Amino acid sequence: MTPRMYEVVARRDDLPDTVTLTLAPVDEQCPTPAIGQFNMLWAFGIGEAPISLAGFENGHLIHTIRRVGAVTNSLAASTTGDQIGVRGPYGTGWDLTRAAGRDVLVVAGGLGLAPVRPIITELFANRSSYGRAVLLVGARTPDALLYRDELEQWRGRLDIEVEVTVDSATPSWRGDVGVVTRLVERAPIDPENTTAFVCGPEVMMRFAAVSVVDRGVPAAEVMLSLERNMHCAIGHCGHCQLGPEFICKDGPVVPWPRVKPLLRVAER
Ligand SMILES: Cc1cc2nc3c(=O)[nH]c(=O)nc-3n(C[C@H](O)[C@H](O)[C@H](O)COP(=O)(O)OP(=O)(O)OC[C@H]3O[C@@H](n4cnc5c(N)ncnc54)[C@H](O)[C@@H]3O)c2cc1C
Ligand code: FES
């Protein structure tokens with residue numbers, strides 16, 4: 001439970017309310033994370049927040065943080081040289097072994113692009129291990145698109161299909177307009193031979209999972225990354241409970257069939 005000290009070695013302002021920090025261990029480092037896991041980031045004197053791994057490069061943790069309250073405001077105000085406490089990694093990861101030899105469909109909404117970013121990195125690192133790769137991204141507006149430069153790079157590649165849509169266009173927007181689930185219908189995949197990874201606001205994930213299954217992807221091959229308020233992150237306090245699931249240890253990545261009935265309950 002004791003956080004290890006990490007130093008901010010790079011900071012990038014992605015959006016007016018969102019930054020990406022690269023963290024290097026000051027001395028002892030946390031165990032190597034699996035993609036899809038999260039860390040508890042500690043803003044000293046304020047508190048902790050669960051933040052997904054957006055990348056892991058040369059022992060450096062990459063985290064993208066949106067300011068919504070006290071802890072995330074403090075973390076996002078960090079600049080190079082500042083120190084942050086890190087506890088983790090925790091939770092289940094994206095199981096890419098099950099996607100080996102299959103088409104991979106990634107659906108991300110808003111900040112949900114951060115937890116799926118390591119999937120894209122893995123796809124490019126071992127491209128021949130997978131079939132077709134499709135990334136569908138949704139954002140509220142063009143100005144709210146996360147990782148814009150990387151999206152443009154990925155779109156320039158011939159070995160991945162990247163489609164981006166926004167809920168509301170600006171006059172200069174030339175891309176798709178509408179919810180990201182509409183892109184699922186025309187995604188160039190072989191549905192029965194596809195594994196799907198979905199991350200974004202909960203309502204978007206529910207609709208996306210239904211659309212993906214309607215396309216013919218087996219429900220058991222649809223993985224979601226859930227968010228719940230967390231405190232301990234190790235299955236002790238119950239803060240993150242959703243039905244019988246403790247999202248901090250049974251999740252955040254869960255197969256759609258397991259949480260489908262629970263998300264319906266939570267909706268009432
Ligand atoms: C597994 C997991 C991974 C996450 N990954 C990221 C990430 O990569 N980047 C990122 O910016 N945030 C991520 N979050 C959300 C982040 O943990 C919360 O935004 C943060 O805990 C809020 O703390 P705060 O003190 O800044 O705000 P608070 O004052 O605690 O909350 C401010 C507002 O945000 C809402 N809120 C608090 N926690 C959550 C939550 N978990 N989900 C939805 N709404 C919440 C509150 O209800 C309140 O309206 C993740 C959460 C989980 C559970
Ligand atoms: S956060 Fe304490 S049980 Fe999950």
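Buried means under 20% relative accessible area, exposed means over 50%, and partly exposed lies in between (1.4 Å probe, protein chains only). The structure is a predicted model, in which local features need pLDDT of at least 70 and side-chain atom pairs count only at pLDDT 80 or more, while totals for chains, interfaces and linings use all residues. Residues are numbered from 1 along each chain as its sequence is written, chains are lettered from A and ligands numbered from 1 in the order in which they are written, and side-chain values use heavy atoms, with hydrogens and water left out.

**Exercise 1. An aromatic pair**

Task: How many aromatic pairs does the structure hold, and what is the geometry of the pair of phenylalanine 38 and tyrosine 90?

Solution: The structure holds 4 aromatic pairs, a pair being rings of Phe, Tyr or Trp (its six-membered ring) whose centres lie within 6.5 Å, with planes under 30 degrees apart counted as stacked, over 60 as edge-to-face and the rest as tilted. In the pair of phenylalanine 38 and tyrosine 90, the ring centres are 6.0 Å apart and the planes stand at 50°, so the pair is tilted. Because phenylalanine 38 lies in strand 3 (residues 38-43) and tyrosine 90 in strand 7 (residues 83-90), the pair ties together parts that are 52 residues apart in sequence. Both phenylalanine 38 and tyrosine 90 are buried.

**Exercise 2. Arginine 117 and its partners**

Task: Over the face of which residue does arginine 117 lie, and at what distance does its side chain contact that of glutamate 150?

Solution: Arginine 117 lies over the face of tyrosine 147, 5.8 Å from the ring centre, where the criterion asks for NZ of Lys or CZ of Arg within 6 Å of the ring centre and within 35 degrees of the ring normal. The side chain of arginine 117 is also joined to that of glutamate 150 by a polar contact of 2.9 Å, that is, a pair of N or O atoms within 3.5 Å, of which, within protein, one must be able to donate a hydrogen and the other to accept it, residues adjacent in sequence counting only if both atoms are side-chain atoms. Glutamate 150 is part of helix 3 (residues 148-155) and, at 16% relative accessibility, counts as buried. Elsewhere, arginine 157 lies over the face of phenylalanine 124, at 3.7 Å from the ring centre.

**Exercise 3. From ligand 1 to histidine 63**

Task: Which backbone atoms lie by ligand 1, and what does the side chain of histidine 63 reach?

Solution: First, 19 residues surround ligand 1, with Pro50, Thr64, Arg66, Thr72 and Asn229 the closest (a residue counts if one of its heavy atoms lies within 4 Å). A nitrogen atom of ligand 1 is 3.0 Å from a backbone N or O atom of serine 52. Polar backbone atoms of glycine 69 and valine 71 each lie by an oxygen atom of ligand 1, at 3.2 Å for glycine 69 and 3.0 Å for valine 71. Taken alone, ligand 1 exposes 870 Å², of which the protein buries 69% (Shrake-Rupley method, 1.4 Å probe). Finally, the backbone oxygen of serine 52 is reached at 2.7 Å by the side chain of histidine 63, a residue of strand 6 (residues 60-66) that is buried, with a relative accessible area of 0%.

Methods
Helices (H or I, at least four residues) and strands (E, at least two) are DSSP runs, numbered from the N terminus.
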